Every structure is written in C-alpha cells, then in structure tokens.
Amino acid sequence: MSTTPELVDTALHAAESGPSRMVVDLSDTSFMGAAGLHVLEQLQETLRHRGGDLAVVAPGGIPLRVLEVTGMAAAFGVVPSLEAARERLG
C-alpha cells in the first residue's frame with residue numbers, strides 16, 4: 001500500500017507514453033491487495049486503449065493467490081516467468 005502511489009506515477013506514465021506492451025513482474029512482491037489490483041486494471045486499460053497489452057509475472061506467493069481468488073489472473077494474462085511474458089506479448 002505504501003508503494004502504490006509511486007507505482008501509479010511511474011507505471012501509468014510508461015503505459016501512456018512508452019511502448020504499448022508492458023510486463024509487470026511481481027516475482028519479488030510479498031503483498032498485494034485491492035490497490036495493486038486497481039493499478040493493474042488501470043495499466044491494462046491504458047495499454048489496450050493504445051492497442052497494446054499487459055502481461056503480469058506472478059510465479060507464486062500472495063500476488064498469484066490474490067489474482068486467482070479474484071478471478072483476475074486470466075484477465076491480466078498472468079504467467080509464471082519473464083520469458084513466458086515476452087512470449088505472450090510477442
């Protein structure tokens with residue numbers, strides 16, 4: 001929760017003005033709640049509006065569990081590794 005504002009500023013700026021495909025790597029993330037889900041939703045919406053897409057790396061732990069329980073794993077294109085994310089996005 002304490003890092004969400006920084007993530008929003010950095011990631012949304014990149015989604016709005018950078019490449020139209022983005023990988024969010026949650027491999028080293030120990031906690032994720034509703035604020036994190038909301039950021040991912042914003043990123044995905046921004047990227048798709050630009051004709052792009054989002055891939056989320058969540059190999060396990062709490063982030064993956066949160067994404068699965070909320071039914072958002074498929075919606076965000078959750079994959080287990082950076083290699084899989086690159087393949088998913090082409």
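**Entry 1: Arg48 and its partner**

I began with Arg48, which counts as partly exposed because its relative accessibility is 44%. A reminder to myself before going on: this is a predicted model. Next I checked what the side chain of Arg48 meets, and found a salt bridge with the side chain of Asp53, at 3.4 Å from N to O.

**Entry 2: Arg88 joins in**

How many salt bridges does the structure hold? I found two. Besides the pair I already had, the side chains of Arg88 and Asp53 meet in a salt bridge, at 3.1 Å from N to O. I placed Arg88 in helix α4 (residues 82-89) and Asp53 in strand β2, so this pair ties together parts that are 35 residues apart in sequence. Arg88 is partly exposed, with a relative accessible area of 32%. Put together, Arg48, Asp53 and Arg88 are linked in a network of salt bridges.

I turned to the inside next. In soluble globular proteins, nonpolar side chains tend to be buried together. The largest nonpolar core here has 21 residues, and I noted Leu40, Leu43, Leu67 and Phe76 as the ones that touch the most other members. Which elements give two or more residues to this core? They are α1 (4-17), β1 (21-25), α2 (34-49), β2 (53-57) and α3 (61-69). With five residues, α2 gives the most.

I also found a second, separate core of five residues, with Ala55, Val57, Val79 and Ala85 among them.

**Entry 3: around Phe76**

I listed the contacts of Phe76, leaving aside its neighbours within four places in sequence. They include Leu37, Leu40, Glu41 and Gln44, and also Leu54, Ala55 and Val56. Leu67 and Arg88 are in contact with Phe76 as well.

**Entry 4: α1 against α2**

How do the axes of α1 and α2 cross? They come within 9 Å and cross at roughly 10 degrees. The two helices are therefore roughly parallel to each other.

I then wrote down who meets whom. From α1 I have Thr4, Leu7, Val8, Ala11, Leu12, Ala15 and Glu16. From α2 they meet Ala35, Val39, Gln42, Leu43, Thr46 and Leu47. Sorted by class, this contact has nine nonpolar, three polar and one charged residues. Leu43 was already in my notes, as one of the core residues that touch the most other members.

Terms used:
Residues numbered from 1 in each chain as written. Predicted model: local features only at pLDDT ≥ 70, side-chain atom pairs only at ≥ 80, totals over all residues. Heavy atoms only, no water. Core = buried A, V, L, I, M, F, W, Y, C linked by side-chain atoms within 4.5 Å. Buried < 20%, exposed > 50% of the residue type's maximum accessible area, 1.4 Å probe, protein only. Helix = DSSP H or I, 4+ residues; strand = E, 2+ residues; numbered from the N terminus. Contact = heavy atoms within 4.5 Å. Axes fitted to C-alpha atoms, helices over the stretch in contact; angles between N-to-C directions. Parallel < 35°, antiparallel > 145°, perpendicular 65-115°, else oblique. Nonpolar A, V, L, I, M, F, W, Y, C, P; charged D, E, K, R; others polar. Salt bridge = Lys/Arg side-chain N within 4 Å of Asp/Glu carboxyl O.
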